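Subject: Structure handover

Hello,

Here is the structure I promised you. Please open it alongside this email; my notes follow below.

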Amino acid sequence: MVPQRSLLPFAVAYGTSIRVLNGTACIGGQTTTGFSEKCFLAKLSDQSGSLEFESLPDLPYGLANAAGAFAGNRLFVAGGENEHGVVS
(Lines give C-alpha, C1' and ligand atoms only; values in the text may rest on other atoms or scores of the structure.)
Protein backbone atom coordinates (compact mmCIF):
# COMPACT_ATOMS: atom_id res chain seq x y z
CA MET A 1 0.00 0.00 0.00
CA VAL A 2 1.22 3.48 -0.86
CA PRO A 3 1.30 5.56 2.34
CA GLN A 4 0.93 8.97 0.69
CA ARG A 5 -0.81 10.39 -2.35
CA SER A 6 1.20 9.78 -5.50
CA LEU A 7 0.67 11.41 -8.87
CA LEU A 8 1.60 10.12 -12.30
CA PRO A 9 4.59 11.84 -13.92
CA PHE A 10 2.16 13.53 -16.36
CA ALA A 11 -1.60 13.59 -16.99
CA VAL A 12 -2.55 10.62 -19.19
CA ALA A 13 -5.60 8.40 -19.78
CA TYR A 14 -6.44 5.32 -21.88
CA GLY A 15 -2.94 3.86 -21.62
CA THR A 16 -2.03 0.19 -21.38
CA SER A 17 -1.05 -1.13 -17.93
CA ILE A 18 0.81 -4.41 -17.69
CA ARG A 19 1.91 -6.11 -14.48
CA VAL A 20 5.60 -7.06 -14.75
CA LEU A 21 8.05 -8.66 -12.31
CA ASN A 22 9.03 -5.47 -10.47
CA GLY A 23 5.99 -3.22 -10.92
CA THR A 24 3.50 -2.08 -13.52
CA ALA A 25 4.48 -0.94 -17.01
CA CYS A 26 2.41 2.03 -18.15
CA ILE A 27 2.43 2.38 -21.93
CA GLY A 28 1.19 5.22 -24.12
CA GLY A 29 -2.25 6.72 -23.65
CA GLN A 30 -3.87 10.02 -24.48
CA THR A 31 -3.03 13.43 -23.04
CA THR A 32 -4.65 16.83 -23.46
CA THR A 33 -2.35 17.43 -26.45
CA GLY A 34 -2.76 14.08 -28.25
CA PHE A 35 -1.57 10.49 -28.18
CA SER A 36 1.45 9.68 -26.04
CA GLU A 37 4.43 7.51 -26.94
CA LYS A 38 5.79 7.72 -23.38
CA CYS A 39 6.27 4.57 -21.28
CA PHE A 40 7.26 4.19 -17.65
CA LEU A 41 7.44 1.65 -14.84
CA ALA A 42 5.52 2.35 -11.64
CA LYS A 43 6.87 0.46 -8.63
CA LEU A 44 6.96 0.58 -4.85
CA SER A 45 10.24 1.56 -3.21
CA ASP A 46 11.79 -1.28 -1.22
CA GLN A 47 12.84 1.08 1.55
CA SER A 48 10.08 3.64 1.98
CA GLY A 49 7.12 1.93 0.31
CA SER A 50 6.50 5.09 -1.75
CA LEU A 51 5.57 4.96 -5.41
CA GLU A 52 8.49 5.49 -7.78
CA PHE A 53 8.56 5.98 -11.54
CA GLU A 54 11.26 4.79 -13.92
CA SER A 55 11.40 5.73 -17.60
CA LEU A 56 11.09 2.99 -20.21
CA PRO A 57 11.87 3.34 -23.93
CA ASP A 58 9.23 5.30 -25.88
CA LEU A 59 6.90 3.72 -28.40
CA PRO A 60 7.70 4.58 -32.04
CA TYR A 61 4.48 6.68 -32.13
CA GLY A 62 1.71 7.78 -29.77
CA LEU A 63 -0.84 5.06 -29.00
CA ALA A 64 -3.91 4.66 -26.77
CA ASN A 65 -6.40 1.89 -25.99
CA ALA A 66 -3.95 -0.88 -26.91
CA ALA A 67 -3.77 -4.46 -25.65
CA GLY A 68 -0.68 -5.62 -23.83
CA ALA A 69 0.96 -8.68 -22.30
CA PHE A 70 4.13 -9.70 -20.46
CA ALA A 71 5.69 -13.06 -21.37
CA GLY A 72 9.20 -14.41 -21.46
CA ASN A 73 10.52 -11.25 -19.78
CA ARG A 74 9.21 -9.15 -22.73
CA LEU A 75 6.41 -6.63 -23.10
CA PHE A 76 4.06 -6.99 -26.06
CA VAL A 77 1.72 -4.22 -27.24
CA ALA A 78 -0.83 -4.69 -30.02
CA GLY A 79 -3.64 -2.73 -31.63
CA GLY A 80 -4.98 0.48 -30.17
CA GLU A 81 -5.53 3.79 -31.88
CA ASN A 82 -3.57 6.91 -32.83
CA GLU A 83 -4.25 10.14 -34.70
CA HIS A 84 -4.76 8.16 -37.93
CA GLY A 85 -7.42 5.85 -36.46
CA VAL A 86 -7.44 2.22 -35.32
CA VAL A 87 -4.07 0.42 -35.39
CA SER A 88 -3.99 -3.28 -36.22
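Strand β5 (residues 67–71) and strand β6 (residues 74–78) pair in the antiparallel sense, over five bridges. Strands here are DSSP runs (E, at least two residues), numbered from the N terminus. Two strands pair if DSSP finds at least two bridges between them. Ala71 has Arg74 of β6 as its bridge partner. Two residues separate β5 and β6 in the hairpin, and Gly72 in the turn has a positive phi of about 60 degrees.

Before you read on: this is a predicted model, where local features need pLDDT of at least 70, side-chain atom pairs count only at pLDDT 80 or more, and totals for chains, interfaces and linings use all residues. Residues are numbered from 1 along each chain as its sequence is written, and side-chain values use heavy atoms, leaving out hydrogens and water.

Now the sheet. Four strands form an open, antiparallel sheet in the order β1-β2-β3-β4. β1 and β4 (51–56) are the edge strands, each pairing on one side only. Inside the sheet, β2 and β3 pair over seven antiparallel bridges. There, Cys26 has Phe40 in β3 as its bridge partner.

Next, the core. The largest nonpolar core has ten residues, among them Ile18, Ile27, Cys39 and Leu59. β1 (16–20), β2 (23–31) and β3 (34–44) each give two or more residues to this core. Such a core is a set of buried Ala, Val, Leu, Ile, Met, Phe, Trp, Tyr and Cys residues joined through side-chain atoms within 4.5 Å. Buried means under 20% relative accessible area (1.4 Å probe, protein chains only). Beyond four places in sequence, Ile27 touches residues including Thr16, Ile18, Cys39 and Leu59. Contact means heavy atoms within 4.5 Å.

Thr16 sits in strand β1. Thr16 counts as buried because its relative accessibility is 6%. Its side chain reaches the backbone oxygen of Ala66 at 3.0 Å.

Ser45 lies in the loop between β3 and β4. Ser45 is buried too, with a relative accessible area of 10%. Its side chain reaches the backbone nitrogen of Gln47 at 3.3 Å. The Ser45 side chain also makes a polar contact with the side chain of Glu52 (3.5 Å). A polar contact is a pair of N or O atoms within 3.5 Å; within protein, one must be able to donate a hydrogen and the other to accept it, and residues adjacent in sequence count only if both atoms are side-chain atoms.

Best wishes

Methods: Buried means under 20% relative accessible area, exposed over 50%, partly exposed in between (1.4 Å probe, protein chains only).
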